[in-house]
Amino acid sequence: MAPARALGTRHLTLPLAYQYVQLYLYAMARPSLREKIVESGVQTLHKRGYAGAGVREITADAGVAQGCFTNHFRSKEAFAVTVLDRYQERTQAIMDATLRDASRPAVERLHAYFDAIAEWLEAAGWRYGCLVGNMSLEVTEQSELLRTHLIDVSSALTSSFAEAVRAGQKAGEIRSDLDAADMAVFILASWQGAMMRMKVDRSPRPIEQFRRVLFATVLAS
């Protein structure tokens, strides 16, 4: 009788275990709702702007119920901070492959970075520009939380430019009569300004003009 009882228990246990495995695999295969909202949110804030993107628009673009937003984010400000961090992660990945690529000369690194960003801008139809620049113009008088976070993000971007400029100065590729940190601030501010004009014109011409002048003057040896 003992073997029969054991067999019966086995028949009851295996299907239940199998169901748990199925549920686990199903959950692992699906991105979390929070992740869907964040991923979609990068595009939503780019397209609609901070003021134009309410919870209704954010969740509709992500394809989730509105209640999901408040389950994962305590406020729209907190959501925007998370989206900025995600955008920054992508920007830093591009910088790692270009500005921080020590195997290449510094000027070539800078060209590679602007080339990589220009490809994304072209794919977007020259419409959206830099999310950091867009939000810097839009929210700094509305949200102290976002203002201070944008300072941190901009500082990280500036540091990456300064690192490449210093390498170029050390190698004699870039003029050394200007401070690298000052040059980095100027480059980032001018780059964001060029992208703003690009959005208005819906044309790459402003960023092409920026690059010609930058490499002929500020970054000349």
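Okay, some housekeeping. Since the model is predicted, local features need pLDDT of at least 70 and side-chain atom pairs count only at pLDDT 80 or more, while totals for chains, interfaces and linings use all residues. Residues are numbered from 1 along each chain as its sequence is written, and side-chain values use heavy atoms, with hydrogens and water left out.

Let's start inside. The largest nonpolar core has 57 residues. By a nonpolar core I mean a set of buried Ala, Val, Leu, Ile, Met, Phe, Trp, Tyr and Cys residues joined through side-chain atoms within 4.5 Å. Buried is under 20% relative accessible area, exposed is over 50%, and partly exposed is in between, using a 1.4 Å probe and protein chains only. Which helix gives the most to this core? That's helix H9, residues 180–201, with nine residues. When I say helix, I mean a DSSP run of H or I with at least four residues, numbered from the N terminus. The residues with the most contacts inside the core are Ile 37, Phe 114, Met 135, Phe 161, Trp 191, Ile 207 and Leu 219. As a general point, nonpolar side chains in soluble globular proteins tend to be buried together.

Take Leu 219 from that list. Not counting residues up to four places away in sequence, Leu 219 touches Leu 110, Val 165, Glu 173, Ile 174, Met 183, Ile 187 and Leu 214. Contact here means heavy atoms within 4.5 Å.

Now have a look at Ala 80, which sits in helix H5, residues 76–97. Buried or exposed? Ala 80 is buried, at a relative accessible area of 0%. Setting aside neighbours within four places in sequence, Ala 80 is in contact with Leu 45, Tyr 50, Met 135 and Leu 146. Val 42 is 38 residues from Ala 80 in sequence, and their C-alphas are 8.8 Å apart. While you have Tyr 50 on screen, look for Lys 76: Lys 76 lies over the face of that ring, at 4.3 Å from the ring centre. The rule there is NZ of Lys or CZ of Arg within 6 Å of the ring centre and within 35 degrees of the ring normal.

Val 64 is a loop residue, between helix H3 (55–62) and helix H4 (67–72). Val 64 still counts as buried, because its relative accessibility is 13%. Its contacts, leaving out neighbours within four places, are Leu 33, Lys 36, Ile 37 and Thr 59. From Val 64 to Ile 37 it's 27 residues along the sequence and 7.7 Å in space, C-alpha to C-alpha.

On to the rings. How many aromatic pairs does the structure hold? Ten. Rings of Phe, Tyr and Trp (its six-membered ring) pair if their centres lie within 6.5 Å; planes under 30 degrees apart are stacked, over 60 edge-to-face, and the rest tilted. Tyr 113 and Phe 114 are edge-to-face, 5.5 Å centre to centre with 65° between the planes. Tyr 113 also pairs edge-to-face with Phe 161, at 5.4 Å and 90°. Tyr 113 is in helix H6 (residues 106–123) and Phe 161 in helix H8 (residues 144–170), so this pair ties together parts 48 residues apart in sequence. Both Tyr 113 and Phe 161 are buried. Put together, Tyr 113, Phe 114, Phe 161, Trp 191, Phe 210 and Phe 215 make one aromatic cluster.

Cysteines, quickly. Cys 68 is buried at 12%, as is Cys 130 at 10%. The disulfide count is zero, where a disulfide would be a pair of cysteine sulfur atoms within 2.5 Å.

Last topic, charges. The count is 13 salt bridges, each a side-chain nitrogen of Lys or Arg within 4 Å of a carboxyl oxygen of Asp or Glu. Glu 39 forms one with Arg 86, the closest N and O atoms being 2.5 Å apart. That pair links helix H2 (residues 33–52) to helix H5, 47 residues apart. Glu 39 also meets Arg 90 in a salt bridge, 2.5 Å from N to O. Glu 39 is partly exposed at 32% and Arg 90 at 34%, whereas Arg 86 is buried at 16%.

Over in helix H9, Asp 201 and Arg 197 are four residues apart, about one turn. Their side chains form a salt bridge at 3.0 Å, N to O. Back at Glu 39, salt bridges that share partners join Glu 35, Glu 39, Arg 86, Glu 89 and Arg 90 into one network.

Notes:
Helices (H or I, at least four residues) and strands (E, at least two) are DSSP runs, numbered from the N terminus.
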